[in-house]
Amino acid sequence: MNTPDQQHGTGGTTVTAAPAPAIAGESETESRYWRQNLVVCLIGSFTTIVAMTLLLPFLPLYVEQLGVKEHAAIVQWSGVAYGATFFTAALVAPLWGRLADLYGRKLMLIRASLGMAVAMSLIGMATDVWQLVALRLAAGLLGGYASGSTVLVATQTPKARTGWALGTLSSGIMAGNLVGPLIGGGLPPLIGIRQTFWLAGGVIFLTFIATSLFIKEERRPPKSKGAKVTGGWSAIPDKRPIIAMLATGLLLMLANMSIEPIITVYVAQLVSDASKVTIVSGVVMSAAALGSILSASRLGKLADRVGHWNVIIAALAVSALLLIPQAFVTEGWQLIGLRFLMGLALGGLLPCITSVIRHNVPDRVAGGILGYSTSSQYAGQVVGPLAGGFIGGHFGMRAVFLATCVLLALGSAYCWLVRPRQS
């Protein structure tokens, strides 16, 4: 049964609920190995994300070991080193997506896992903070296993199951983001900081081996020599749904990250016991991630039945409403509960964003367009903390929640306007 996402109508046009034709003459690339590929991508994405995020708790300590002594400089270099990976990853995501379209998605996963294994191991051998930053840049440049997995799963899973499959993969990715810092807090005291990096590199190398052996990608039919190939944006018949999804991906990360710079200060106003501020802050930060992990696959499965656009519009609207009471809470537990509920609402966005793109672009350019989607999400990770810190510093803590609320509400309204119509 076709969902609204399989219709290619515009915001102001009504189309009949007939079966959706293939876009631009594209044939399906669904794979009989899609379940096996999903399992390998899920485990691989989880392990690579854990390995890439476990350095968060001890990164300032490692910067200090590399010769930086002043407190302000340690904080500054830690921020530069952490953000370096996201910077280069955002720049090259469309390139890797385009190359995946041309040469195969499995090849890009092999490249990413091997590149990340080498970069992570070399980080453990750094002797200067400049080397650390350069290697973190290289990790973002060479990596991208999770985003590559998203492209593979999106393009090889039957369209009727993409929401569930991408939701399951999204849960694994978010679980890696949650578990990584926890492991990073416990390993260095046991085996040392450099050994922790080497262990992470070894785990990613195991992912490289599993990807090489167990990912199965269907052979593509050879292109005729005289065939004219159009690529990128020119191959998309209606660009408005894609632009809406790029904006939604940015809004999702902005909504998650805008509170990060102010959370500890905001919690300090709610918790009377100063010794509990950091604990409550950590729980607040984890609550939204936990909610998203629990809801992603379920909302993805729901979207396969009721339409991905409907879930996206509802998720943005509900999240906007939940931000209003967050600005006026009086106890720490209230903020934790509201962030958890917001995580539940936002959990379905990533799989639905990818599914809409998958249904509205030709298969031959899906990787490149999904690469742009990844870049927009990285941009949200950068813009969110900057905007949250600026608004919180100049207009107060409550203004951060209310401004984010307005943005999500506008995003929901825009998606409602450009969604395909079904009579």
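Helices here are DSSP runs of H or I with at least four residues, and strands are E runs of at least two. By that count, the protein chain has 16 helices and zero strands. Keep in mind that you're looking at a predicted model.

**The chain as a whole**

The protein chain runs to 423 residues, and 52% of them count as buried.

**How confident is the predictor?**

Across the protein chain the mean pLDDT is 82, and 89% of the residues reach 70 or more. Among the elements, these two mark the ends of the range:

| Element | Residues | Mean pLDDT |
|---|---|---|
| helix α12 (highest) | 308-326 | 94 |
| helix α15 (lowest) | 366-395 | 82 |

Then there are stretches to read with the scores in mind. Over residues 1-28, pLDDT stays under 50, though the model has 70 contacts for them beyond four places in sequence. Residues 224-229 also have pLDDT below 50, and that stretch has two contacts in the model beyond near neighbours in sequence.

**A look at one residue**

Asn37 sits in helix α1, which covers residues 34-53. Is Asn37 buried or exposed? Its relative accessibility is 3%, so Asn37 counts as buried, the cut-off being under 20%. And what does its side chain touch? The side chain of Asn37 makes a polar contact with the side chain of Gln156, at 3.1 Å.

Definitions and conventions:
Residues are numbered from 1 along each chain as its sequence is written. This is a predicted model: local features need pLDDT of at least 70, side-chain atom pairs count only at pLDDT 80 or more; totals for chains, interfaces and linings use all residues. Side-chain values use heavy atoms; hydrogens and water are left out. Buried means under 20% relative accessible area, exposed over 50%, partly exposed in between (1.4 Å probe, protein chains only). A polar contact is a pair of N or O atoms within 3.5 Å; within protein, one must be able to donate a hydrogen and the other to accept it, and residues adjacent in sequence count only if both atoms are side-chain atoms. pLDDT is the predictor's confidence in each residue, from 0 to 100. Contact means heavy atoms within 4.5 Å.
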